[in-house]
Amino acid sequence: MSRQVFLYDHPERFVAGTVGLPGRRSFFLQASAGSRVTSVALEKTQVAALAERMDELLDEVVRRSGGSAHVPAVAPSDTDTAPLDTPIEEEFRVGTMALAWDGDEQLMIVEAQALVELDAESEEDLAEAEEQLLQDEENGPPMLRVRLTGAQARAFAKRALDVVNAGRPPCPLCSLPLDPEGHVCPRQNGYRRGA
């Protein structure tokens, strides 16, 4: 079976979003063009890392080009805040992601590849299986590939960081998330600091 690649070249929409209540949210990347919509699931930390790395890469492009690249220094003020398109049908769970900047076309390339479980009895077997998987372009795991303008990439990064930070508020003492049902704070263990 050949590899399934969901390709979006200048999508109408590419966003990170969630489903569920804070503390129980599922995170998704969603690309759409016309009536075609692709949603892939991933972890909160993956969304945060993708957004932060995307901003860093865009900043580097601006710095190296001396401002001649078509990349805004900050996200546009009209960043998409609409919910994910429904119904949300998960194509796959993301395992690895990659970012690249195409200097000729002035586009950010985002790739999200499906999580793959490898059977290996030793570290050497695992390394060999990973290498073989990376070299198998034709039969590899499903992948979402999106090509974005600099403005689209900035808008994605801003929204993604907003989505990540919109979860449960942190405890002012321990910085762990506060649950609506209550919070057992490790810093409030019954002892008082003497004056």
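A salt bridge is a side-chain nitrogen of Lys or Arg within 4 Å of a carboxyl oxygen of Asp or Glu. By this rule, the structure holds 14 salt bridges. This is a predicted model, in which local features need pLDDT of at least 70 and side-chain atom pairs count only at pLDDT 80 or more, while totals for chains, interfaces and linings use all residues. Residues are numbered from 1 along each chain as its sequence is written, and side-chain values use heavy atoms, with hydrogens and water left out.

- Arg-13 forms a salt bridge with Asp-80, with 2.5 Å between the closest N and O atoms.
- Because Arg-13 belongs to strand 2 (residues 13-19) and Asp-80 to the loop between helix 1 (44-65) and strand 5 (90-102), this pair ties together parts that are 67 residues apart in sequence.
- Arg-154 forms a salt bridge with Asp-55, the closest N and O atoms being 3.0 Å apart.
- Arg-154 lies in helix 3 (residues 150-165) and Asp-55 in helix 1, so this pair joins parts 99 residues apart in sequence.
- Helices (H or I, at least four residues) and strands (E, at least two) are DSSP runs, numbered from the N terminus.

**A pair within one helix**

- Arg-63 and Glu-60 meet in a salt bridge of 2.5 Å, N to O.
- These two residues are three apart in helix 1, about one helical turn.

**Accessibility of the partners**

- Buried means under 20% relative accessible area, exposed over 50%, and partly exposed in between (1.4 Å probe, protein chains only).
- Arg-13 is buried at 12%, whereas Asp-80 is partly exposed at 27%.
- Arg-154 is buried at 3%, whereas Asp-55 is partly exposed at 21%.
- Arg-63 is exposed at 55%, and Glu-60 is partly exposed at 27%.

**A network**

- Salt bridges link Asp-9, Asp-102, Glu-105 and Arg-147 in a network.
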